[in-house]
Amino acid sequence: MSDARSDSNVNHVTRTNQLEASRVLTVTIVTCVLVAIIALIISAVAISNPAGSDIAVQGTTANIQQNQPPSRAYDAINRYQASNKRRIYTIAVGYDTGPYVYKDVSGFPIGFIHDLIDAVCLEADMDCRTVTDQSTNCMISERGQPMRGGQGLMGGWYDACTGWLATRQRKQIFEFSKSFLKPLEPHFYAFPGFNPFNITGKKMGLVSGGFTNEACLAGLDQVAGRDVPHSNIFHAHTPDDLVAMILNRTVDMGFIMRSVMDIKISGTNIQRYPEYPLFCKNAGASAMMTRKDNDFNTKWNEGFEKLVSSGRFKRLCEKAETEHGHRGEIIARMPKQQHTASPSP
């Protein structure tokens, strides 16, 4: 009897062990299936989203495909902003424009324009970021061709370009904010002995996209030979390039605004002509330039009006003259009954 009970107990234990092993095997199989499914999902996501570079947006990182064109990258940023219900406005500024934009001793971009952007965006409660870019990505011109919008502004790389004059040609393409600088002062730049009132047969250097273009030249009634043949027009991409063209005699003179050029001819024998500026016809004052389908100017104008009405714009200009005046004159455009910042010595 004892042997029979012993056999019965053994069989019971064996069946129990078999059932336990079966359960473990089932759990293992289910776990493996789940892991396989998750791996397939991760692989599918990875295939549809190639690895790219990271762009920091509002303290968080948005993954943007590195090899995609800038317009698609900005679309991705815009989608990220929309999900956070806080729009970021991107503003293009130049590299080196006298007291308006330049770099301090540590290489950090400063100047009147940066001060103005900070102040207006604060008043307007706008989240603004500046982008340093070449001016030809805002607007470009070529020999004998009408001006056209640059790929940066037209392609949505940024919302606005800073400090562009509202000319008749530009108004056909873009919208402009309220102006904050007076019309800039263009001059001829050439070697000693140059006659600014007769440029007949001379080779002319212009900066591409600038308001000092062929149309402006044609309107200078006091200058003989102002209808310069297209074959005598040469475009530079930057003011520094224009200085080099004058020095190596690729051109006989350059035509550009004083606030940018005066500091660049320091140490050369290039001179400014004439003593007083030659203003372009149909050229307004400097403002923010945007595409016609962009709402940037609405927000900017609100902030600028608050800055002016509070008197802070006047104080900002006076402070800028002290801090940035060593780079050239700041020609701020004040509302009536106020005065411009004092010219630098």
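## Salt bridges in a predicted model

Arg129 has a relative accessibility of 31% and counts as partly exposed. The structure is a predicted model.

**Exercise 1.** Classify Glu185 and Arg258 by accessibility, then locate the two residues in the chain.

*Solution.* Step 1: their side chains form a salt bridge with an N to O distance of 3.8 Å. Step 2: Glu185 sits in the loop between strand E10 (175-176) and strand E11 (186-190), while Arg258 belongs to helix H8 (residues 258-261); the two are 73 residues apart, and the pair links distant parts of the chain. Step 3: Glu185, at 18% relative accessible area, is buried, and Arg258, at 28%, is partly exposed.

**Exercise 2.** Determine how Glu323 and Lys319 are placed in their helix and how accessible each residue is.

*Solution.* Step 1: a salt bridge of 3.9 Å, N to O, joins the two side chains. Step 2: both residues lie in helix H10 (residues 312-324), four residues apart, or about one turn of the helix. Step 3: Glu323 is partly exposed at 37% relative accessibility. Step 4: Lys319 reaches 51% and counts as exposed, because exposed means over 50%.

How values were computed:
Residues are numbered from 1 along each chain as its sequence is written. This is a predicted model: local features need pLDDT of at least 70, side-chain atom pairs count only at pLDDT 80 or more; totals for chains, interfaces and linings use all residues. Side-chain values use heavy atoms; hydrogens and water are left out. Buried means under 20% relative accessible area, exposed over 50%, partly exposed in between (1.4 Å probe, protein chains only). A salt bridge is a side-chain nitrogen of Lys or Arg within 4 Å of a carboxyl oxygen of Asp or Glu.
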